[in-house]
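Look at the sequence and the model below before reading on. The notes after them are a short briefing, grouped by topic.

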Amino acid sequence: MNVMTLTKSRTSIFRVDRMTCPADHRLALEDRLAIIHGYFDTLPGCLYNKVAIADGGEAVHIVTVVEWESQKALNDAKAKVADFYAAIGFDPKAFMAERGIVAEFGTYAGLAI
């Protein structure tokens, strides 16, 4: 299946995150990703939500792809995630820094093809 066939409309927005994580912190990262990506599925406007991992020996490479129905849905989700993190006392930047996780975060506009 071509990735473009997953786009449901021109207004959808993709949040694509790539992370490289030392292998000895893999389980901690997987646990956090399970929590937050499970939360995404409860939020309005979440159309697609996947996490993929490649074992690279001493490091693992993780890619997450979440499709939101619109920029507004993504913005609303960001605010809710910030509140969620505050409620559970989680600081994602500190979590990644303490474990040597390097991340690249990107937002992409969907194309209706």
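Predicted model: local features only at pLDDT ≥ 70, side-chain atom pairs only at ≥ 80, totals over all residues.

Residues are numbered from 1 along each chain as its sequence is written, and side-chain values use heavy atoms, with hydrogens and water left out. The chain has three helices and four strands; helices (H or I, at least four residues) and strands (E, at least two) are DSSP runs, numbered from the N terminus.

**Whole chain**

- Read from the N terminus, the elements follow the order β-α-β-β-α-α-β.
- The C-alpha atoms of the chain fill a box of roughly 40 × 35 × 20 Å along the principal axes.
- A compact globule of 113 residues would have a radius of gyration near 13 Å, and the 15 Å of this chain agrees with that. The radius is taken over C-alpha atoms, and the globule rule is 2.2 Å times the number of residues to the power 0.38.
- Of the 113 residues in the chain, 31% are buried. Buried means under 20% relative accessible area, exposed means over 50%, and partly exposed lies in between (1.4 Å probe, protein chains only).
- The chain exposes about 6900 Å², and carbon and sulfur atoms supply 58% of this area. Accessible areas come from the Shrake-Rupley method with a 1.4 Å probe; for residues, only the protein chains shown count as cover.
- Among contacts between residues at least 6 apart in sequence, 74% join residues at least 24 apart. A contact means heavy atoms within 4.5 Å.

**Helix α1**

- The expected span of a helix is 1.5 Å times one less than its number of residues.
- The buried residues in α1 are L29, L33, I36, H37 and F40. Seen down the axis of α1, the buried residues fall within an arc of 95°, so they line one face of the helix. The arc is that of the directions from the helix axis to the C-beta atoms.
- On the face of α1 turned away from its buried side are the exposed residues L27, D31 and A34.
- The cover over the buried residues of α1 includes β1 (13-22), β2 (46-55), β3 (59-68), α2 and α3 (92-99).

**Helix α2**

- Helix α2 has 18 residues and reaches 26 Å from its first C-alpha to its last, close to the 26 Å expected at 1.5 Å a residue.
- In α2, the residues A73, L74, A77, V81 and Y85 are buried. Viewed down the axis of α2, they fall within an arc of 105°, so they line one face of the helix.
- The face of α2 turned away from its buried side carries K72, D83, A86 and A87, which are exposed.
- Packed against the buried residues of α2 are β1, α1, β3, α3 and β4 (102-109).
- Just after α2, G89 takes a positive phi of about 70°.

- H37 is found in helix α1 and is buried, with a relative accessible area of 9%. Leaving out residues up to four places away in sequence, H37 touches N49, V51, T64 and V66.
- K78 lies in helix α2 and is partly exposed, with a relative accessible area of 41%. The C-alpha atoms of K78 and A109 are separated by 17 Å, with the two residues 31 apart along the chain.
- M96 has its place in helix α3, and at 15% relative accessibility M96 counts as buried. Not counting residues up to four places away in sequence, M96 touches I101, A103 and F105.

**Aromatic rings**

- A search of the whole structure finds five aromatic pairs. Rings of Phe, Tyr and Trp (its six-membered ring) pair if their centres lie within 6.5 Å; planes under 30 degrees apart count as stacked, over 60 as edge-to-face and the rest as tilted.
- One of the pairs is Y39 and F84, which is stacked, at 4.3 Å centre to centre and 10° between the planes. This pair links distant parts of the chain, with Y39 in helix α1 (residues 26-40) and F84 in helix α2 (residues 71-88), 45 residues apart.
- One aromatic cluster is formed by Y39, F84, Y85, F90 and F95.
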